[in-house]
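Please examine the sequence and the three-dimensional structure displayed below.

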Amino acid sequence: MTENEISRIVFELGMKVHRTLGPGLLEGSYEECLYYELCQANLKVERQKILPVIYDGIQMETYYKIDLMVEDKVILELKAVEKISDLHLAQLLTYLKLSNCKLGLLINFNVPLFKNGVKRVINGQLEK
């Protein structure tokens, strides 16, 4: 399955979760429901996946947690905020760099229209 096929499924299931729950809840509620939906779709999903920091060839004791990793190819960074900031985008870009993944989706569930809360980040660049 390609990154684009995975992202299409994620978008459809994210829209289902958003339609069911609506905006205004905590991020963890959306994460758990989207995780459930992705598992129901028979996708390999890791929740709160540990991403170690490798610096100068050495694994540091610090690490990050990826909200959801789908099929070892697509990183999902979920938010429930008033507005996506450059810091949120930088966070996803860093996760992509550290994990060598090609595609990440920054999904903000705190929007009236779901499609307006989804940003695709590819190979370290925000897709327009």
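This is a predicted model: local features need pLDDT of at least 70, side-chain atom pairs count only at pLDDT 80 or more; totals for chains, interfaces and linings use all residues.

Residues are numbered from 1 along each chain as its sequence is written, and side-chain values use heavy atoms, with hydrogens and water left out.

Let us begin with helix 1, which covers residues 3–21. Helices (H or I, at least four residues) and strands (E, at least two) are DSSP runs, numbered from the N terminus. Just after helix 1, glycine 22 adopts a positive phi of about 75°.

Which residues of helix 1 are buried? They are Ile6, Ser7, Ile9, Val10, Leu13, Gly14, Val17 and His18. Here, buried means under 20% relative accessible area, exposed over 50%, and partly exposed in between (1.4 Å probe, protein chains only). The buried residues of helix 1 pack against helix 2 (27–40), strand 2 (58–70), strand 3 (74–79), strand 4 (103–108) and strand 5 (118–122).

Histidine 18 deserves a separate look. With a relative accessibility of 7%, histidine 18 counts as buried. Leaving out residues up to four places away in sequence, histidine 18 touches Pro23, Phe109, Val111, Pro112 and Phe114, where contact means heavy atoms within 4.5 Å. Between histidine 18 and proline 112 there are 9.1 Å in space, C-alpha to C-alpha, although they are 94 residues apart in sequence.

The next topic is the nonpolar interior. A nonpolar core is a set of buried Ala, Val, Leu, Ile, Met, Phe, Trp, Tyr and Cys residues joined through side-chain atoms within 4.5 Å. The largest one has 21 residues, and Val10, Leu34, Leu38, Leu76, Ile107 and Phe109 have the most contacts inside it. Helix 1, helix 2, strand 2, strand 3 and strand 4 each give two or more residues to this core, and the largest share, 5 residues, comes from helix 1. Leucine 38 is in contact with Val10, Leu13, Leu43, Val45, Leu68, Val70 and Leu76, neighbours within four places in sequence being set aside. Apart from this core lies another, of 12 residues, among them Met69, Ile75, Ile84 and Leu89.

Aromatic rings form a further set of links. Rings of Phe, Tyr and Trp (its six-membered ring) pair if their centres lie within 6.5 Å; planes under 30 degrees apart count as stacked, over 60 as edge-to-face and the rest as tilted. The whole structure contains 4 aromatic pairs. In one of them, phenylalanine 11 and phenylalanine 114 are tilted, at 5.2 Å centre to centre with 55° between the planes. This pair links distant parts of the chain, 103 residues apart: phenylalanine 11 is in helix 1, and phenylalanine 114 is in the loop between strand 4 and strand 5. Phenylalanine 11 is partly exposed at 26% relative accessible area, whereas phenylalanine 114 is buried at 3%. The rings of phenylalanine 109 and phenylalanine 114 have their planes at 45° and their centres 5.7 Å apart, so this pair is tilted. Ring pairs link Phe11, Tyr30, Phe109 and Phe114 into a cluster.

Glutamate 77, in strand 3, is buried at 2% relative accessibility. Its side chain is joined to that of lysine 79 by a polar contact of 3.1 Å. A polar contact is a pair of N or O atoms within 3.5 Å; within protein, one must be able to donate a hydrogen and the other to accept it, and residues adjacent in sequence count only if both atoms are side-chain atoms.

Finally, how many disulfides does the structure hold? The number is 0, a disulfide being a pair of cysteine sulfur atoms within 2.5 Å. For cysteine 33, the nearest cysteine sulfur, that of cysteine 39, is 12 Å away.
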